[in-house]
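Here are some friendly notes to read alongside the model. Please keep the structure open while you go through the points.

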Amino acid sequence: KKRIVCLMGGTQLGKTTFGPHWLEREMGERGPGDYLVVTATHPLKDLKLLPELETLFVRLLGRFEYRAAKSVFESHEKVNGGPAYRIIVGSAQNPESLESATAKAAWLDEAGQHQFGRGAWEAVQRRLLVNQGRMLITTTPYEWGWFKSEVFDRWRDDPEGSGIDMIQVDSRVNPAFPKEEYDRAQRELPRWKFNMFFRGIFERPAGLIYDCFDEQVSRIPRF
């Protein structure tokens, strides 16, 4: 029930499959209006995001039609002659395109990738201000960027007061994920890379400047 809910999990967990169902639930609770979906890059949008949205909202529920020219799903249900619900789909590579919407909820997919810049993260937050909308983030912890400092670290430092829920999930939670591939990755990959990409756990990459710095031990409160 927090303002920001983050599903941070290993590769092939099914994070992008989960997103549309969360969004559909938010629509049921928040009612007619605009809803925002943003992924890291245009190829990810075309290859992963749009097929999952179409599967649920067009084929299974039959409630929406996708307008490819505008990258918008429009509901068959109407209000004042226009679609009662719109799902506006964008890419973090073009954050300016996100500035026109006033959304009731937003889903950010693969927000931990390098291509998902801070500008897009800030633009989505502005789109939710008027309606005090909630946000879902689904991602693997790819790197130590704004996602770690702005989302993960805020939750870790103040789990109750941050307004963030962090749900860490191992790839094996997906029953279709082959155990053999998980075990092979554990044997062959460096520990930090295995933990990040298959367990959904932030761990400092080897060779990073000050890689021996432990925030829990080496940092003291300002005085």
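**Notes on the predicted model**

1. Let me start at T138, which lies in strand β9; helices (H or I, at least four residues) and strands (E, at least two) are DSSP runs, numbered from the N terminus. T138 is buried, with a relative accessible area of 0%. Here buried means under 20% relative accessible area, exposed over 50%, and partly exposed in between (1.4 Å probe, protein chains only).

2. A word on the ground rules: this is a predicted model, where local features need pLDDT of at least 70 and side-chain atom pairs count only at pLDDT 80 or more, while totals for chains, interfaces and linings use all residues. Residues are numbered from 1 along each chain as its sequence is written, and side-chain values use heavy atoms, with hydrogens and water left out.

3. Which side chains make polar contacts with the side chain of T138? W107 is joined to T138 by a polar contact of 2.9 Å, and D109 by one of 2.6 Å. A polar contact is a pair of N or O atoms within 3.5 Å; within protein, one must be able to donate a hydrogen and the other to accept it, and residues adjacent in sequence count only if both atoms are side-chain atoms. Leaving aside neighbours within four places in sequence, T138 is in contact (heavy atoms within 4.5 Å) with L7, K15, W107, L108, D109, E110 and A111.

4. L108 turns up again in the largest nonpolar core, which has 33 residues; L108, F116, V124 and I137 are the ones that touch the most other members. Such a core is a set of buried Ala, Val, Leu, Ile, Met, Phe, Trp, Tyr and Cys residues joined through side-chain atoms within 4.5 Å. Two or more residues come from each of β1, β2 (33–39), β8 (103–109), α3 (118–127), β9 (134–139), α4 (146–157), β10 and α6 (191–198). Another core lies apart from this one, with 21 residues, among them L23, F57, Y66 and Y85.

5. In α6, the buried residues are W192, F194, N195, M196 and F198, and they pack against α5. Just after α6, G200 takes a positive phi of about 70°.

6. How many salt bridges does a search of the whole structure find? The search finds 17, where a salt bridge is a side-chain nitrogen of Lys or Arg within 4 Å of a carboxyl oxygen of Asp or Glu. One of them joins the side chains of D165 and K2 (4.0 Å, N to O). D165 lies in strand β10 (residues 164–169) and K2 in the segment before β1 (4–9), so the pair ties together parts that are 163 residues apart in sequence. D165 is partly exposed, at 28% relative accessible area.

7. The pair K179 and D183 is a local case: their closest N and O atoms are 2.7 Å apart in a salt bridge. Both residues lie in helix α5 (residues 179–188), 4 residues apart, about one turn of the helix. K179 is exposed, with a relative accessible area of 55%, whereas D183 is partly exposed at 22%.

8. Please look as well at E65, R67, K70 and E74, which are linked in a network of salt bridges. Within this group, the side chains of R67 and E74 meet at 3.2 Å, N to O. R67 counts as partly exposed at 34% relative accessibility, and E74 as buried at 10%.

9. Is Q113 buried or exposed? Q113, in the loop between β8 and α3, counts as buried at 15% relative accessibility. Leaving aside neighbours within four places in sequence, Q113 is in contact with A40, L44, T139, Y142 and E143.

10. Among contacts between residues at least 6 apart in sequence, 71% join residues at least 24 apart. The C-alpha trace spans about 60 × 50 × 30 Å along its principal axes.
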